Amino acid sequence: MHEYSIMQSAISQVLREARQAGATRVHEIRLRVGALSGVVPDALRFAFEAVTDGTCAQGAVLTIEEVPARFWCAACRREFVSANLYSECPDCHNPSGELRAGRELELASMEVDT
Ligand SMILES: [Zn+2]
């Protein structure tokens with residue numbers, strides 16, 4: 001499962017940072033997930049439970065911030081938001097140009113107890 005290995009590496013980063021901060025418990029983890037990152041948020045949540053089991057992040061709240069895909073139309077010099085990779089500019093109807101956001105998959109922030 002793709003999401004499982006993603007979550008494993010995210011949590012190992014969280015645990016490393018928590019250890020460096022001298023934290024005893026992780027309360028909340030926020031992940032930023034782009035609409036086009038190719039991961040399923042529900043699958044991430046499921047993996048989260050398995051991966052944090054027995055760690056100091058067990059029972060932490062997982063918050064997933066979904067980032068919409070944003071494209072840049074060079075002809076109109078404007079950005080537009082779309083839910084899929086193949087879409088067109090709402091003004092000039094040219095096919096979607098440069099992808100500016102939507103592939104993120106990163107740790108946004110975390111809250112710990114020290
Ligand atoms: Zn356009």
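A: A term to start with: partly exposed means a relative accessible area between the 20% limit for buried and the 50% limit for exposed. Arg100 is partly exposed, with a relative accessible area of 39%. Keep in mind that this is a predicted model.

Q: Which residue does Arg100 meet in a salt bridge?
A: Glu79. The N to O distance between their side chains is 3.7 Å. The cut-off for a salt bridge is 4 Å, so this pair counts.

Q: Where do Glu79 and Arg100 lie?
A: Glu79 is in strand E4, residues 78-82, and Arg100 is in strand E5, residues 98-101. The pair therefore ties together parts that are 21 residues apart in sequence.

Q: What about Glu79 and Arg70, how far is N from O there?
A: Their side chains meet in a salt bridge at 2.8 Å.

Q: Is that pair buried or partly exposed?
A: Partly exposed at both ends. Glu79 has a relative accessible area of 32%. For Arg70 the value is 31%.

Q: New topic. How many salt bridges turn up in the whole structure?
A: The search finds 8.

Q: What does Glu28 pair with?
A: Arg30. The closest N and O atoms of that salt bridge are 3.3 Å apart. Arg30 counts as partly exposed, because its relative accessibility is 28%.

Q: And back to Arg100, how exposed was that again?
A: Partly exposed, at 39%.

Q: Which residues do shared partners join into one network?
A: Glu28, Arg30, Arg32, Glu65 and Glu106. Salt bridges that share partners link them.

How values were computed: Residues numbered from 1 in each chain as written. Predicted model: local features only at pLDDT ≥ 70, side-chain atom pairs only at ≥ 80, totals over all residues. Heavy atoms only, no water. Buried < 20%, exposed > 50% of the residue type's maximum accessible area, 1.4 Å probe, protein only. Helix = DSSP H or I, 4+ residues; strand = E, 2+ residues; numbered from the N terminus.
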